[in-house]
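Visitor: I have a new chain on screen. Can you walk me through it?

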Amino acid sequence: MKPRKIKEKIYYVGAPDWNRTLFDALIPLPDGTSYNAYLILGSEKTALIDTVDPSKKDVLFSYLADIVHIDYVISHHAEQDHSGSIPYVLEKYPSAKVVTNPKGKELLKSHLHIPDERFITVNDGEELSLGDKTLKFIYTPWVHWPETMVTYLVEDKILFTCDLFGSHYATSSLYVEDEKIVYEAAKRYYAEIMMPFRSIIQKNLEKIKDLDIELIAPSHGPIYNNPNFIINAYKDWISDEPKNIVVLPYISMHDSTKIMVDYLVDRLIEKGVNVEVFDLAVADIGKIAMALVDAATIVIGTPTVLAGPHPKALYVTYLANVLKPKARFVSVIGSYGWGGRTLEILKSNLTNLSVEIINPVLVKGLPEKEDFRLLDELAESVYSKHKDLGIVS
Ligand code: FEO
């Protein structure tokens with residue numbers, strides 16, 4: 001493949017991964033993903049911006065077939081989907097240096113065993129001249145590991161952001177063509193990778209807000225030729241204000257819990273509260289993560305099994321806890337046979353969230369009249385909490 005031109009002397013040399021179905025062996029990828037790398041031919045120096053997942057190194061090297069010299073490999077992030085091919089690049093280009101920050105150097109040494117002498121470390125805000133092009137490095141920690149940084153190509157107004165602003169979307173298009181499709185893919189990406197670091201991302205966006213940006217070139221998904229599209233989406237996702245949404249993941253074994261879920265959902269809808277319901281027997285975990293980006297309330301529906309929550313309910317609770325969404329309220333509904341510690345166990349898995357627990361409704365066996373009255377109360381409580389937040393009328 002010939003390098004794909006973005007601007008004069010700036011090329012795309014990355015790889016779509018059409019067939020990847022899971023990221024982090026966890027989140028489904030309905031649209032695959034990509035590992036983007038970029039080549040910049042300065043008048044004096046040549047820089048490669050990130051590499052690709054080692055499974056796609058042949059694609060990268062096919063792009064680099066006619067490139068006889070690389071001076072710098074800019075490593076924004078030590079995770080292997082971007083860094084994993086660096087050792088092969090260093091082997092092909094023996095005088096190339098890896099440019100990263102001190103934390104990046106530490107992590108790259110630990111994960112890839114790159115020797116000390118192959119590194120140049122840069123400070124926050126430091127610039128590196130390629131002759132007629134200048135790279136400015138900006139530390140943006142925790143998007144997605146502690147070492148992550150972005151690079152601003154000053155003369156061409158391109159911001160290379162690696163994971164930040166990425167989308168899980170394999171496409172042959174260099175640029176975003178359909179913002180609706182990329183919005184979904186980028187939100188899925190944000191939900192799984194970025195959401196736990198929401199408050200830090202707020203600070204990182206502050207650091208780049210004064211840059212004059214024409215293109216945002218992430219290392220997953222297409223390039224943004226309308227940077228405000230993704231910046232504004234991020235501003236919405238990282239904001240502290242939740243939306244009028246209840247996320248309701250549930251599992252039911254003999255329908256008692258499902259009857260309660262269906263009843264509660266109807267009552268919430270009647271009150272103007274939006275609900276996103278997920279049957280954990282079949283749900284896409286990525287969709288649940290996406291719903292958690294905005295929701296004000298989480299209600300977990302679970303039967304009691306072997307004295308505790310169903311393992312799938314425990315799993316989604318744990319996931320919500322580590323993703324640290326902006327939700328303000330949590331409740332639990334479900335049916336039990338004779339007892340158990342369901343509520344206690346779920347609560348002990350929600351310690352990362354600053355949430356108010358709204359009265360759970362746990363009923364013995366098949367729900368009856370009094371149980372439905374308690375679900376009415378729960379719906380009313382959720383509605384009134386959302387009303388207090390000013391997110392429902
Ligand atoms: Fe795309 Fe955190 O790696």
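Predicted model: local features only at pLDDT ≥ 70, side-chain atom pairs only at ≥ 80, totals over all residues.

Visitor: Fine. How many helices and strands does the protein chain have?

Guide: Twelve helices and 24 strands. The C-alpha trace spans about 80 × 40 × 35 Å along its principal axes.

Visitor: And what share of the residues counts as buried?

Guide: Of the 393 residues in the protein chain, 55% count as buried.

Visitor: What about contacts across the sequence?

Guide: Take contacts between residues at least 6 apart in sequence. Of these, 73% join residues at least 24 apart.

Visitor: Helix packing next. At what angle do the axes of α9 and α10 cross?

Guide: Roughly 45°, and the axes come within 11 Å. Helix α9 covers residues 285-292 and α10 covers residues 311-323. The two helices are therefore oblique to each other. Their crossing is right-handed.

Visitor: Which residues meet there?

Guide: From α9, Ile285, Ile288, Ala289 and Leu292. From α10, Tyr315, Val316, Leu319, Ala320 and Leu323. By class, that contact has nine nonpolar residues, no polar and no charged ones.

Visitor: Stay on α10 a moment. Is Asn321 buried or exposed?

Guide: Asn321 is buried, at 7% relative accessible area. This residue lies in α10.

Visitor: What is Asn321 in contact with, leaving aside its neighbours within four places in sequence?

Guide: Asn349, Leu350, Thr351, Asn352 and Leu353.

Visitor: And how far is Asn321 from Val361 in space?

Guide: 21 Å, C-alpha to C-alpha. In sequence, Asn321 and Val361 are 40 residues apart.

Visitor: Another helix pair, please. What do α6 and α7 do?

Guide: Helix α6 is residues 198-208 and α7 is residues 227-238. Their axes come within 10 Å and cross at roughly 140°. That makes α6 oblique to α7. The crossing is left-handed.

Visitor: Got it. Which residues touch between α6 and α7?

Guide: Arg198, Ile201, Gln202 and Leu205 in α6 meet Tyr234, Lys235, Trp237 and Ile238 in α7. The contact has five nonpolar residues, one polar and two charged.

Visitor: Sheets now. What is the strand order in the open sheet of five strands?

Guide: β12-β13-β14-β15-β16, with mixed pairing. The edge strands are β12, residues 127-129, and β16, residues 215-218. Each of these pairs on one side only. From one strand to the next, the twist averages 25°.

Visitor: How many bridges hold β12 and β13?

Guide: Three, and the pairing is antiparallel. Strand β13 is residues 134-139. Ser129 stands opposite Thr134 of β13.

Visitor: Over to β19. How many of its seven residues are buried?

Guide: Seven of the seven, so β19 is largely enclosed by the rest of the structure. Strand β19 is residues 295-301.

Visitor: What does β19 pair with?

Guide: Strand β17, residues 243-250, pairs with β19 in the parallel sense over four bridges. There, Val247 has Ile298 of β19 as its bridge partner. Strand β22, residues 329-336, also runs parallel to β19, joined by five bridges. In that pairing, the bridge partner of Val299 is Ser331 in β22.

Visitor: Where is Lys9 found?

Guide: In the loop between β1, residues 4-7, and β2, residues 10-12. Lys9 is partly exposed, with a relative accessible area of 38%.

Visitor: What about Asp50?

Guide: Asp50 has a positive phi of about 60° and is not a glycine either. Asp50 sits in the loop between β8, residues 46-49, and α1, residues 57-63.

Visitor: Is Asp50 buried or exposed?

Guide: Asp50 counts as buried, at 1% relative accessibility.

Technical notes: Residues numbered from 1 in each chain as written. Heavy atoms only, no water. Axes fitted to C-alpha atoms, helices over the stretch in contact; angles between N-to-C directions. Parallel < 35°, antiparallel > 145°, perpendicular 65-115°, else oblique. Left-handed = near helix turned anticlockwise from the far one by under 90°. Contact = heavy atoms within 4.5 Å. Nonpolar A, V, L, I, M, F, W, Y, C, P; charged D, E, K, R; others polar. Pairing = 2+ DSSP bridges. Buried < 20%, exposed > 50% of the residue type's maximum accessible area, 1.4 Å probe, protein only.
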